Amino acid sequence: MGYVGSRLIKYLRIKYPESKLIGYDIGYFKDSLTNTKELPELLLNVQYNRDLRNFDYNLLDGIDHIIHLAAISNDPISNTFEKVTYDVNYHSSVKLAQMALKYNVKSFVFASSCSVYGNGTLSARTELNDLNPLTAYSKSKILTENEIKDLAKKNFSVSILRFATACGMSDRLRLDLVLNDFVASAITNKKIQILS
């Protein structure tokens with residue numbers, strides 16, 4: 001029910017129209033709709049409005065694939081609420097992956113972040129570059145990566161995606177993301193202010 005998930009479920013429903021899609025989200029942004037009259041989660045077969053920290057692992061029975069997007073994902077919020085960030089982004093995420101393996105889920109896709117590299121440099125980064133996570137958010141992501149990658153087995157694939165800054169339109173638009181903020185500022189103020 002967040003920024004990326006709202007777009008992803010539309011894509012999955014079109015790409016796999018016969019699949020059973022299940023959503024699981026605490027719903028912090030459920031009322032933050034942008035330019036739509038229909039809830040994106042209406043495309044799901046089931047939507048659970050629950051907290052990942054209290055996940056009912058019996059729900060994994062019969063699940064084939066998990067795309068794990070849940071996170072406290074804003075640096076100022078994750079630094080202010082560091083314990084919650086580690087509980088959600090790290091402890092609960094690792095537990096979900098471990099239980100997915102136990103319940104014979106076939107694949108686990110984890111949404112990590114390129115913020116694990118730290119401050120930018122003049123050269124592009126690859127998976128082989130040194131890591132320098134600077135915030136609770138990026139530290140929680142790399143801790144999770146390190147634990148779940150070793151869970152991969154012949155019948156359980158683990159994919160870790162280090163996304164760059166997400167941007168673009170969504171049914172639940174976020175204007176705190178850098179590029180979206182630049183576009184919003186250009187439209188409303190006719191200028192872009194770079195703060196960092």
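User: Before we start, what are the axes of helices, and how do the angles between them run?
Analyst: Axes are lines fitted to C-alpha atoms, for helices over the stretch in contact, and the angles run from 0 to 180 degrees between N-to-C directions. Please keep in mind that this is a predicted model.

User: Ok, so at what angle do α3 and α4 pack, and how far apart are their axes?
Analyst: Helix α3, which covers residues 82-102, packs with helix α4, residues 136-148, at an angle of about 15°, and their axes are 9 Å apart.

User: Is that roughly parallel or roughly antiparallel?
Analyst: Angles under 35 degrees count as roughly parallel, so α3 is roughly parallel to α4.

User: And is the crossing left-handed or right-handed?
Analyst: The crossing of α3 and α4 is right-handed.

User: Which residues make the contact?
Analyst: On the α3 side the contact is made by Glu82, Thr85, Tyr86, Asn89, Tyr90, Ser93, Val94 and Ala97, while α4 contributes Ala136, Tyr137, Lys139, Ser140, Leu143, Thr144, Glu147 and Ile148.

User: How do those divide into nonpolar, polar and charged?
Analyst: In the contact of α3 with α4, eight residues are nonpolar, five are polar and three are charged.

User: Let's move to Ser138. Where is it, and is it buried or exposed?
Analyst: Ser138 sits in helix α4, and because its relative accessible area is 1%, Ser138 is buried.

User: What does Ser138 touch?
Analyst: Leaving aside residues up to four places away in sequence, Ser138 touches Ser115, Val116 and Pro133.

User: New topic: what is the phi of Asn104, and where is Asn104 found?
Analyst: Asn104 has a positive phi of about 65°, although it is not a glycine, and it is found in the loop between α3 and β4, the latter being residues 107-113.

User: Why does Asn104 count as exposed?
Analyst: Asn104 counts as exposed because its relative accessibility is 63%, and exposed means over 50%.

User: And what about Lys190?
Analyst: Lys190 also has a positive phi of about 65° without being a glycine; its place is in the segment after α5, which spans 178-189, and with a relative accessibility of 68% Lys190 counts as exposed.

User: Last one, where is Pro40, and is it buried or exposed?
Analyst: Pro40 is found in the loop between β1, residues 22-25, and β2, residues 46-49, and with a relative accessible area of 2% Pro40 is buried.

User: How far apart are Pro40 and Ala70?
Analyst: Pro40 and Ala70 are 30 residues apart in sequence and, going from C-alpha to C-alpha, 16 Å apart in space.

Methods:
Residues numbered from 1 in each chain as written. Predicted model: local features only at pLDDT ≥ 70, side-chain atom pairs only at ≥ 80, totals over all residues. Heavy atoms only, no water. Helix = DSSP H or I, 4+ residues; strand = E, 2+ residues; numbered from the N terminus. Parallel < 35°, antiparallel > 145°, perpendicular 65-115°, else oblique. Left-handed = near helix turned anticlockwise from the far one by under 90°. Contact = heavy atoms within 4.5 Å. Nonpolar A, V, L, I, M, F, W, Y, C, P; charged D, E, K, R; others polar. Buried < 20%, exposed > 50% of the residue type's maximum accessible area, 1.4 Å probe, protein only.
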